[in-house]
Amino acid sequence: MKRQLSIENLLQIFNEWIKLPSLKALHEPCFKGKEWEYVKQCIDTGWVSSAGQFVDRFEQELSDYTGSKYAIATSNGTAALHISFLLAGIQPKDEVLVPTLTFVGTCNAIHYCSATPHFVDSDQMTFGVDAQKLVTYLKEITQIKQGVCYNRLTHRPIRALCVMHTFGHPADLDLLCEIADQYHLVIIEDAAEALGTYYKGKHVGYHGLMGILSFNGNKIVTTGGGGAILTNHYDIAKKAKHLTTTAKLPHQWRFYHDQAGYNYRLPNINAALGCAQLEQIEYFLKAKRALAFQYQQLFANIEGVNFVTEPIYAKSNYWLNTFLLDAQYSHLHTDLLKNLNQKNISVRPAWDLMHSLPMYQQAPKMDLSTAESLANRLINIPSSVVLGEKYVTYNSI
Ligand SMILES: *Cc1c(COP(=O)(O)O)cnc(C)c1O
């Protein structure tokens, strides 16, 4: 017999489970390694800004860890997305296919290129772009002319498909890459939430032309603020490094810039934090997996609540744990969020969908009913590493 879905029953689970009030945040960083030592080195040596050994080292370690040939560190994930769209050849007035179920930074980066997001629906199991629905839609509304995919309704080129790996669960990349090939679209992965996530054994972020990571304070590994571009393509990597470092040509003493670049390089002091964090990633991943397993057991017994697990093809990082209410309970969504937050349990809904925001309301879109349904039913629950720590030992790293 399952227990009824009620605020009392959920509260009881969270309170039994999360004993200390300080542990109830949605996602707190975990600093247990050499963070202080490395940051102190920056301060002691004076290398705190955009040059210094930790930035190069962080890039090398990201490349080693993910298996991406190149990694270019940036000041944040949105900056990495901006540069990625530019290097994908996004022109003013182009359209970029992007899920409506994403963080606003994904769409803003498209907007910074004077292009427009074109919203696509999400799959209800993986929360990633729904490949089947996308291919049916593209068949209907596009036309290929001289190797360029055009939206027949707006007459604008659709140049790229941005794939986001929601809460650390990878989208179905094989199918999406196939569709992108067929429609001459560049694939850019927004893997901001997905460091430590694998699709069919290969780390996400470089299945297409390039992808990005974020190291914001709430991500699995943090640099305070930061991001990275991943790519297997030498030309892209070289241009990304150039564009993110004000397009300055290397020279002993001259300041010569060959185009209007961006000041998007990650500072050394942030990279120092990142190096220390990366040393602990296996431990973070173990703790998160253990926590996800616990949540799965705890919620299995509550009527109408489904804990979200990794897709069969994936090894997810379980960055944010999520449960979905059955459709007949969606009317409880707001009440649950309100009441649990009042009791200091930091539960959160998904982002307000991008096509509902004032600046993107006019953007082209397909039927978005699955994303709408998901947004009305999903709840992210406290997912800090510290909550899973009792099931793993720190020495195991
Ligand atoms: C965190 C995040 C980003 C990038 O955020 P920054 O704060 O700019 O590093 C982009 N997309 C998604 C889906 C994210 O969750």
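Modeller: Before we start, a polar contact here is a pair of N or O atoms within 3.5 Å; within protein, one must be able to donate a hydrogen and the other to accept it, and residues adjacent in sequence count only if both atoms are side-chain atoms. This is a predicted model, where local features need pLDDT of at least 70, side-chain atom pairs count only at pLDDT 80 or more, and totals for chains, interfaces and linings use all residues. Residues are numbered from 1 along each chain as its sequence is written, and side-chain values use heavy atoms, with hydrogens and water left out.

Biologist: How far is a polar side-chain atom of Glu 193 from an oxygen atom of the ligand?

Modeller: Glu 193 is listed among the closest of the 14 residues that surround the ligand (a heavy atom within 4 Å). From a polar atom of the Glu 193 side chain to a ligand oxygen, the distance is 2.5 Å.

Biologist: And which residue has a polar backbone atom 2.7 Å from an oxygen atom of the ligand?

Modeller: For Lys 219, a side-chain N or O atom sits 3.3 Å from a ligand oxygen. The 2.7 Å pair uses a backbone atom instead, and that one belongs to Gly 77.

Biologist: Are helix 2 and helix 9 roughly parallel or antiparallel?

Modeller: Helices are DSSP runs (H or I, at least four residues), numbered from the N terminus. The axes, lines fitted to C-alpha atoms over the stretch in contact, come within 8 Å and cross at roughly 155°, on a scale from 0 to 180 degrees between N-to-C directions. Angles over 145 degrees count as roughly antiparallel, so helix 2 and helix 9 are roughly antiparallel.

Key. Helices (H or I, at least four residues) and strands (E, at least two) are DSSP runs, numbered from the N terminus. Angles under 35 degrees count as roughly parallel, over 145 as roughly antiparallel, 65 to 115 as roughly perpendicular and the rest as oblique.
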